[in-house]
Every structure is written in C-alpha cells, then in structure tokens.
Amino acid sequence: MSLFLSVEKLYNISRGEYYPELNFNDLNASHQALLDYLNNDKNELLYGIDTGFGPHAFKKNEDRIENQKSLIYHLTATSDTDCIQHEEARAVLAARIHSLSLGGSGISPNTLELLRSLLNQNIIPKIPKRGSLSASGDLIPLSAIGLALMGENEWSGENRHKAPSPSNQKHSEFKGLPLELKPKEALSLTNGTSFTTALLALQVESSIKLLNHSLNLLEILFSFHSVFADAFFPDLHKTKGFKGPIQVANRLYPVIKKNNKVKVEGKRVQDIYSIRCIPQIFGSLIDEIDSLKQVVEIELNSLSDNFLPYPSAI
C-alpha cells in the first residue's frame with residue numbers, strides 16, 4: 001500500500017526528513033503497459049509520445065527521445081537568482097515523486113527511484129519561482145526537474161557538486177546522471193500540479209503551527225490574567241456545532257476556570273469582544289485551514305499527469 005502524504009509529512013521532508021521506500025507494485029503495471037505499446041507495430045498516435053505537445057499534438061514525431069527533450073527545452077525558464085527556496089524545492093520534488101509513485105503514469109520505476117535518492121541525499125534541482133498561465137502555473141517550474149536530470153540545470157544542497165550541471169561541465173559523481181529521458185518521462189515529470197500543491201501544503205502546515213503556537217500563548221496568558229470563564233464553556237459552543245470553536249474552548253476553558261474572574265455587582269459581567277470571542281475567532285481559522293488541508297491532501301495523494309497509460313487504455 002502506498003504512503004499517505006500528509007501536509008505535516010511533506011513539511012518534515014522539506015526540512016530534511018527522508019522520503020520512505022517506494023512501492024513498485026503500483027508502478028509496474030502502467031510502466032509495462034507503456035513498454036508494450038512502444039514495442040508494438042501499431043500505427044497509433046499517443047499524446048506526447050508519438051506527437052508534439054499542446055497545439056502541436058496533431059503532428060507525428062518519429063524520434064520519441066528527442067520529443068521528450070523538446071518538451072523540456074520548450075518549457076524551461078531557469079534562473080539561479082529567482083528560484084524558490086531549497087526547502088520549498090525539496091517539497092516540490094517529494095510531491096512529484098509521490099504523485100507519480102501512485103502508478104498510472106507509465107514513468108520508469110528506476111527514474112523515480114533516482115529522484116528519491118537525489119532527495120534523500122539532498123541534491124535538489126533549482127526550481128524557478130514563476131511559470132506561465134499559457135502553460136499552466138506548474139509546467140515551467142516542474143520542467144526544471146527534467147532539465148536537471150539531463151545535466152542542464154543547477155542544483156542546491158550540500159551534495160550538489162555530485163550532480164552534473166552547466167557549471168561543472170556535466171561532470172557527475174552520481175550514478176545514473178545525466179539521464180536520457182525515455183518516452184513519456186519528460187511529460188510525466190512536468191504534467192502535474194505538484195509545484196503549486198506542494199507550496200500550498202507548506203503554507204497550510206505553517207498556518208497550523210502558527211495557530212497552535214498562538215493558543216499556547218493564550219494558555220500562558222490566561223494562567224495569570226483572569227477573564228470570565230462562561231464565554232469559553234465547551235457545552236455552550238457545542239450548541240453551535242462548529243468544530244473549531246469547540247476545540248478552542250476545550251483547550252482554554254480548563255486553564256481559565258482555575259483563574260476565573262469573579263462577577264461583582266456594578267462592574268462588567270462580560271469581557272470585551274476581543275476576549276470573549278476568542279473561541280469563534282480562532283475556531284473559524286481552525287475550521288478554514290482544516291477544510292483547505294483536506295483539499296490539499298486529496299491533491300497530494302492523487303496522480304496528475306497527461307495522459308495515463310493504464311493497461312486497458314492503450
């Protein structure tokens with residue numbers, strides 16, 4: 001069974017955690033289907049293998065290897081000075097590896113294992129910040145991965161000198177590099193949502209950590225600063241039913257109850273909005289981020305490619 005890639009797991013990988021072993025069972029069927037197609041004599045046209053790309057998809061290209069190179073060269077817009085951060089690039093690479101590891105894309109298991117080894121040795125392709133709306137926001141940044149495998153892009157990380165690049169005249173100390181991209185592989189590396197999804201996943205996890213830190217600070221504050229506890233009574237928030245405010249109330253009420261402000265006639269019997277509405281304010285943020293997290297994790301754990309060479313489809 002394939003790994004479930006949560007936003008927390010991707011965040012940890014971006015900070016240096018290893019990507020676990022790949023499950024090749026999910027890869028082999030679609031890769032074999034692709035090999036069977038490449039080895040047959042049928043006069044068919046499959047997008048990106050026998051044809052060009054985008055508006056050029058109607059034209060047959062005889063040289064399938066050169067066809068993959070042409071896609072990378074067409075999309076490439078590298079820049080050493082205008083790239084995403086190293087940790088972000090680790091997340092993008094991990095997200096692309098994971099999406100392709102789910103099977104269905106046809107990419108070679110060896111190529112995917114090569115990418116995993118690069119990630120775990122912290123040899124990461126430099127990825128430009130910006131794409132192009134006319135080529136979707138992901139294609140140009142993701143093409144930098146393929147360009148790096150070919151030895152024509154720069155790398156980041158402490159072991160970057162081991163990989164071939166223009167700055168070292170493509171000298172390689174890394175087995176398997178530079179790599180000649182096989183039919184469908186350039187397409188598989190670039191045709192996905194892993195760039196925008198990975199960056200959004202990092203923002204979601206950072207927001208979760210920031211919210212948790214904020215609640216920690218409120219617990220400290222209310223341990224010595226008295227407020228009225230009734231606005232934080234968990235059962236009160238259960239009548240509304242939103243999970244976020246209930247979660248905040250459950251966390252803060254025990255602390256506030258120990259240092260509850262006593263109601264005295266002639267003085268305020270309610271705290272100001274900014275205090276008594278803390279469960280609603282922070283709770284709505286929790287609910288919103290949780291909703292976004294669910295969408296991002298569905299996308300992280302899905303295959304995005306064009307086309308998908310399932311055995312029954314080609």
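## Close-up views of a predicted model

**View 1. The largest nonpolar core.** Among the 74 residues of the largest nonpolar core, those touching the most other members are Leu-115, Leu-118, Leu-149, Leu-177 and Phe-232. Helix H8 is the top contributor to this core, giving 10 residues. A nonpolar core here is a set of buried Ala, Val, Leu, Ile, Met, Phe, Trp, Tyr and Cys residues joined through side-chain atoms within 4.5 Å; buried means under 20% relative accessible area, with a 1.4 Å probe and protein chains only. Helices (H or I, at least four residues) and strands (E, at least two) are DSSP runs, numbered from the N terminus. This is a predicted model, where local features need pLDDT of at least 70, side-chain atom pairs count only at pLDDT 80 or more, and totals for chains, interfaces and linings use all residues. Residues are numbered from 1 along each chain as its sequence is written, and side-chain values use heavy atoms, leaving out hydrogens and water.

**View 2. Around Phe-232, and a second core.** Setting aside neighbours within four places in sequence, Phe-232 is in contact (heavy atoms within 4.5 Å) with Phe-222, Val-227, His-237, Ala-249, Leu-252, Tyr-253, Ile-256, Ile-275, Ile-278 and Pro-279. A second, separate core has six residues, including Leu-34, Tyr-37, Leu-46 and Phe-307.

**View 3. The loop between E2 and H7.** Follow the chain from strand E2 (155-156) to helix H7 (185-190), and you will find Pro-178 in the loop between them. The peptide bond leading from Leu-177 to Pro-178 is cis, with omega near -5 degrees. Lys-184 also has its place in the loop between E2 and H7. Although not a glycine, Lys-184 has a positive phi of about 85 degrees, and this residue is buried, with a relative accessible area of 0%.

**View 4. Asn-122 in its loop.** Asn-122 sits in the loop that joins helix H5 (109-120) and strand E1 (124-125). Asn-122 is buried, at a relative accessible area of 13%.

**View 5. The lining of the largest cavity.** A cavity is a set of points, on a 1 Å grid over the protein atoms alone, where a 1.4 Å probe fits but cannot get out; lining residues have an atom within 4 Å of a point. The lining of the largest cavity consists of Ala-95, Ser-99, Thr-193, Ser-194, Thr-197, Glu-299, Leu-300, Ser-302 and Ser-304. At least two lining residues come from each of helix H4 (86-101), helix H8 (194-224) and helix H12 (278-300).

How values were computed. On a 1 Å grid over the protein atoms alone, a cavity is a set of points where a 1.4 Å probe fits but cannot get out, and a pocket is an open set with protein on both sides within 12 Å along at least five of seven lines; lining residues have an atom within 4 Å of a point. Buried means under 20% relative accessible area, exposed over 50%, partly exposed in between (1.4 Å probe, protein chains only).
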